[in-house]
Amino acid sequence: MSFWSKLSKIIAPEDSSNFDTRSHWVYVRCKRCGDILSSRVDLQNDLSQDYASGQFVTRKTLVGDGANRCFQRVELALTFDKNKRLLDIQAIGGEVVDPPQKEGEIGD
Ligand SMILES: [Zn+2]
């Protein structure tokens with residue numbers, strides 16, 4: 001069993017994680033109404049590289065859906081290292097929060 005499970009991981013190592021390696025999800029809490037807003041960063045298409053530092057940067061503007069009669073804009077500025085790992089998030093108008101736990105993501 002362990003041999004085959006190892007072999008299948010070698011053959012298809014990114015089967016279940018492919019989506020996650022392409023996308024980075026950001027969750028912020030609106031400072032005005034407390035709503036949680038989310039934004040997907042496409043690591044293939046959304047990033048601009050700073051050739052001096054090798055870092056990648058992108059900006060996002062999030063607006064609530066108006067359900068709370070709140071149209072506060074949250075401005076995000078994200079910085080990634082040259083391997084596209086998140087280094088820093090600046091949020092104006094909101095606060096970065098941990099992603100909500102989703103069922104089925106725990107365990108391997
Ligand atoms: Zn709001």
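## Zinc site

Donors are N, O and S atoms within 2.8 Å of the metal (3.2 Å for Na, K and Ca); water is not among the atoms, so sites may look incomplete. In this predicted model, the donor residues of the zinc ion follow the sequence spacing C-x2-C-x36-C. The coordinating atoms are SG of C30, SG of C33 and SG of C70, at 2.2 to 2.3 Å from the zinc ion.

C30 is buried at a relative accessible area of 4%, whereas C33 is partly exposed at 32%.

## Basis and confidence of the model

Residues are numbered from 1 along each chain as its sequence is written, and side-chain values use heavy atoms, with hydrogens and water left out. Because the model is predicted, local features need pLDDT of at least 70 and side-chain atom pairs count only at pLDDT 80 or more, while totals for chains, interfaces and linings use all residues.

The pLDDT is the predictor's confidence in each residue, from 0 to 100. Its average over the protein chain is 83, and 75% of the residues score at least 70.

## Overall architecture

The protein chain contains 2 helices and 7 strands, arranged along the sequence as α-α-β-β-β-β-β-β-β. Helices (H or I, at least four residues) and strands (E, at least two) are DSSP runs, numbered from the N terminus.

Of the 108 residues of the protein chain, 27% count as buried. Among contacts in the protein chain with a separation of 6 or more, 38% involve residues 24 or more positions apart.

Two strands pair if DSSP finds at least two bridges between them. An open sheet is formed by 3 strands in the order 2-1-7, with antiparallel pairing. Strand 2 (36-42) and strand 7 (94-97) stand at the edges with a single partner strand each, so one side of each has no neighbour in the sheet. On average, neighbouring strands of this sheet are turned by 35 degrees against each other, direction ignored; the axes are lines fitted to C-alpha atoms, for helices over the stretch in contact, and angles run from 0 to 180 degrees between N-to-C directions.

Strand 1 (residues 23-30) and strand 7 run antiparallel and are joined by 4 bridges, and Y27 has V97 in strand 7 as its bridge partner. V96, also placed in strand 7, is partly exposed at 36% relative accessibility. The C-alpha atoms of V96 and Y27 lie 5.9 Å apart, although the two residues are 69 positions apart in sequence. Leaving aside neighbours within four places in sequence, V96 is in contact with Y27, V28, I89 and A91.

S23 belongs to strand 1 and is buried, with a relative accessible area of 6%. Its contacts, leaving aside neighbours within four places in sequence, are with R40, V41 and L43. The side chains of S23 and R40 are joined by a polar contact of 2.9 Å. A polar contact is a pair of N or O atoms within 3.5 Å; within protein, one must be able to donate a hydrogen and the other to accept it, and residues adjacent in sequence count only if both atoms are side-chain atoms.

Strand 3 is joined to strand 4 by 2 bridges, with F56 in strand 4 as the bridge partner of Q49.

Strand 5 (residues 73-80) is mostly covered, with 6 of its 8 residues buried. Strand 5 pairs with strand 4 (residues 56-63) over 8 antiparallel bridges, and T58 has L78 in strand 5 as its bridge partner. The antiparallel pairing of strand 5 with strand 6 (residues 86-92) runs over 6 bridges; here D88 in strand 6 is the bridge partner of T79. Strand 5 and strand 6 form a hairpin with 5 residues between them, and K84 in the turn has a positive phi of about 65 degrees.

Conventions. Buried means under 20% relative accessible area, exposed over 50%, partly exposed in between (1.4 Å probe, protein chains only). Contact means heavy atoms within 4.5 Å.
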